[in-house]
Amino acid sequence: MEIFLQQLINGVTLGSIYGLIAIGYTMVFGIIGMVNFSHGDVFMVSAFFALIFFLLFMTILGIGTPIIALLLAMILAMVLTGLLSWTIERVAYRPLRGSFRLAPLISAIGMSIVLSNFIQVAQGPRNKPVPPMVNGTIDLMERDGFAVTVSYKQIIIVLVTAVLLAAFWYVVQKTPLGRAQRACEQDRKMAALLGVNVDRTISLTFVMGASLAAVAGSMYLMYYGVVHFADGFVPGVKAFTAAVLGGIGSLPGAVLGGLLIGLIETFWSGYFSIDYKDVAAFSILAIVLIFMPQGILGRPEVEKV
Amino acid sequence: MSATMEGPLLQVRGVKTYYGKIIALKGVDVDVKRGEIVTLIGANGAGKSTLMMTICGSPQAREGSITFEGRDITRMPTHEIARLRIAQSPEGRRIFPRMTVLENLQMGAALDKLAYFDQDVERVFTLFPRLKERIGQRGGTLSGGEQQMLAIARALMTRPKLLMLDEPSLGLAPLIVKQIFEAIDELNRTEGLTVFLVEQNAYHALRLAHRGYVMVNGLITMSGTGRELLEKPEIRAAYLEGGRH
């Protein structure tokens with residue numbers, strides 16, 4: 001029971017991070033039907049942005065409270081990562097739109113390699129640590145020497161995720177920009193006939209997805225305390241798995257998928273073997289693709305015309 | 001100044017459009033003047049819908065020119081053409097299937113950032129009361145006739161200077177066709193709305209329109225007032241005999 005509760009808390013935390021990254025995959029797929037394989041590395045770069053700004057704020061500007069420095073670093077990381085993603089779309093994807101389907105996919109894999117190699121050269125190949133930003137835990141219950149605890153870090157991650165998802169949901173459902181995005185997703189040609197600048201809307205979709213990935217990157221940095229140039233790959237693929245599991249193209253699906261992958265991974269680690277946690281997560285991807293290719297909240301292929 | 005005001009609202013000259021290597025329009029000339037209802041009739045595959053989409057820049061004409069209010073729009077991107085207030089209810093209706101009726105109408109009004117939404121939506125609900133009953137329903141779940149009404153209503157929400165309708169009667173019950181044609185006629189008479197109408201339903205279209213063009217295989221073969229065309233034996237033979245609705 002205690003292990004279950006503890007792993008539930010850990011799983012929701014991890015799942016929040018995956019969910020934030022998964023939204024970037026699912027939105028881009030929804031609007032241009034492309035799996036953006038560089039998104040995981042964009043997430044990794046955002047963690048480095050957060051790290052650099054965090055250290056700058058702490059040492060040079062002398063902001064004493066780590067949590068404020070972290071929040072400021074996160075906001076800057078969101079802006080810069082959005083800009084990065086905007087540039088990537090302009091340089092590597094837009095010129096290939098209207099080309100054969102695999103072209104942007106290959107370009108995205110190339111972009112992913114460029115980003116991780118650039119960080120390896122620019123930041124070095126070792127783990128980059130940060131001093132602990134937030135300490136402290138709350139003991140929820142204790143029995144037979146096993147305490148179920150929730151750390152402040154975890155509370156922050158879940159809260160920040162919830163707030164940003166709510167804001168994001170509002171933008172997509174209620175604002176003109178969100179309506180234009182959904183219109184482009186459903187019928188790009190018709191959206192253009194109604195005066196929507198489709199290219200600009202696609203760019204903004206990339207920017208929004210990347211900003212959420214930057215939130216995930218900042219939270220990841222705070223949670224684990226280190227970041228490494230290759231850290232984009234596994235979280236990126238897991239978030240992609242989350243998007244597929246939830247139903248690619250569906251926003252609530254991405255969040256649900258993220259939470260599920262986080263929970264599967266932590267429960268597997270808690271009850272079976274921590275070494276095989278990635279195997280558990282990716283087996284889910286294989287099973288979903290075989291038996292439920294549209295995912296949990298994805299829509300069926302057929303639609304009334 | 002006077003040239004732009006007195007010339008036709010829309011002028012299509014020698015337009016050639018290709019799909020890859022296949023030529024769909026072989027040099028088309030069409031004029032639409034302010035306040036007119038102009039119809040384009042022709043058989044399936046003649047290029048009618050292609051002409052409408054070419055005017056909207058999707059695909060763009062490879063040769064020839066298209067001017068709107070005296071301005072060359074041949075190479076303009078589609079969304080900028082739409083911003084000049086050329087609205088289209090396209091072939092296949094192209095309702096956003098996972099948006100509600102209300103959201104579809106909001107997309108129409110997006111150009112003005114919904115500034116006139118409340119008054120305009122009341123106006124289209126007067127024209128198509130059925131849409132008001134369906135306001136919260138997703139576009140994809142509407143019947144064909146309702147989708148057609150929604151497509152026209154969405155085009156009207158853009159406050160168009162030129163309304164282009166691609167086969168508004170397609171697949172609809174005669175009573176609804178009658179309603180839609182009456183609505184077009186009323187908008188034209190009361191508000192001076194300029195309409196360019198593509199139809200296979202030649203009899204109704206020619207009766208409604210001031211002028212008409214006949215398209216065969218990517219070329220305009222005949223033109224004249226609606227009445228003149230209705231009386232031509234070739235037209236009667238090709239488009240009307242046995243097809244009197």
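**Exercise 1. A proline in a loop**

B:P59 is found in the loop between α2 and β4 of chain B. Here helices (H or I, at least four residues) and strands (E, at least two) are DSSP runs, numbered from the N terminus. Residues are numbered from 1 along each chain as its sequence is written, chains are lettered from A and ligands numbered from 1 in the order in which they are written. This is a predicted model, in which local features need pLDDT of at least 70 and side-chain atom pairs count only at pLDDT 80 or more, while totals for chains, interfaces and linings use all residues.

Task: Is the peptide bond from B:S58 to B:P59 cis or trans?

Solution. Step 1: read omega for the bond from B:S58 to B:P59, which is near 5°. Step 2: that bond is cis.

Step 1: compare another loop residue. B:K113 lies in the loop between α4 and α5 (117-127) of chain B. B:K113 is not a glycine, yet its phi is positive, at about 50°.

**Exercise 2. The four-stranded sheet of chain B**

Task: Find the order of the strands in the open sheet of four strands, and its edge strands.

Solution. Step 2: the order is β2-β1-β4-β5 in chain B, and the pairing is antiparallel. Step 3: β2 (22-32) and β5 (71-72) of chain B each pair on one side only, and these are the edge strands.

Step 2: look at one pair. Eight bridges join strand β1 (residues 10-19) of chain B to β2(B) in the antiparallel sense. B:K16 stands opposite B:K26 in β2(B).

Step 3: α2 (residues 48-55) of chain B lies across β1, β2 and β4 (63-68) of chain B, at about 70° to β2(B). Axes are lines fitted to C-alpha atoms, for helices over the stretch in contact, and angles run from 0 to 180 degrees between N-to-C directions.

**Exercise 3. Two helix pairs**

Task: Describe how α4(B) packs on α7(B), then how α9(A) lies against α11(A).

Solution. Two packed helices are described by the angle between their axes and the distance between the axes.

Step 1: helix α4 (residues 101-108) and helix α7 (residues 144-157) of chain B pack at about 35°, with axes 7 Å apart. The contact (C-beta atoms, placed from the backbone, within 7 Å) includes B:V101 and B:L105 of α4(B) and B:L150 and B:A153 of α7(B). By class, this contact has seven nonpolar, two polar and one charged residues. Ala, Val, Leu, Ile, Met, Phe, Trp, Tyr, Cys and Pro count as nonpolar, Asp, Glu, Lys and Arg as charged, and the others, Gly among them, as polar.

Step 2: the axes of helix α9 (residues 233-246) and helix α11 (residues 277-291) of chain A come within 10 Å and cross at roughly 35°. Among the residues that meet are A:V234 and A:K238 in α9(A) and A:D278 and A:F282 in α11(A). The residues of this contact divide into nine nonpolar, one polar and two charged.

**Exercise 4. Chain A and its contact with chain B**

Task: Which element gives the largest share of the side of chain A that touches chain B?

Solution. Step 1: list the elements. Chain A has 11 helices and four strands. Step 2: count the contact, which takes 18 residues from chain A and 23 residues from chain B. Step 3: α6 (176-186) and α7 (188-193) of chain A are the elements that give two or more residues to the side that touches chain B. Step 4: the largest share, six residues, comes from α6(A). Step 5: by class, this side of chain A has nine nonpolar, three polar and six charged residues.

Key:
Two strands pair if DSSP finds at least two bridges between them. Two residues are in contact if their C-beta atoms, placed from the backbone, lie within 7 Å.
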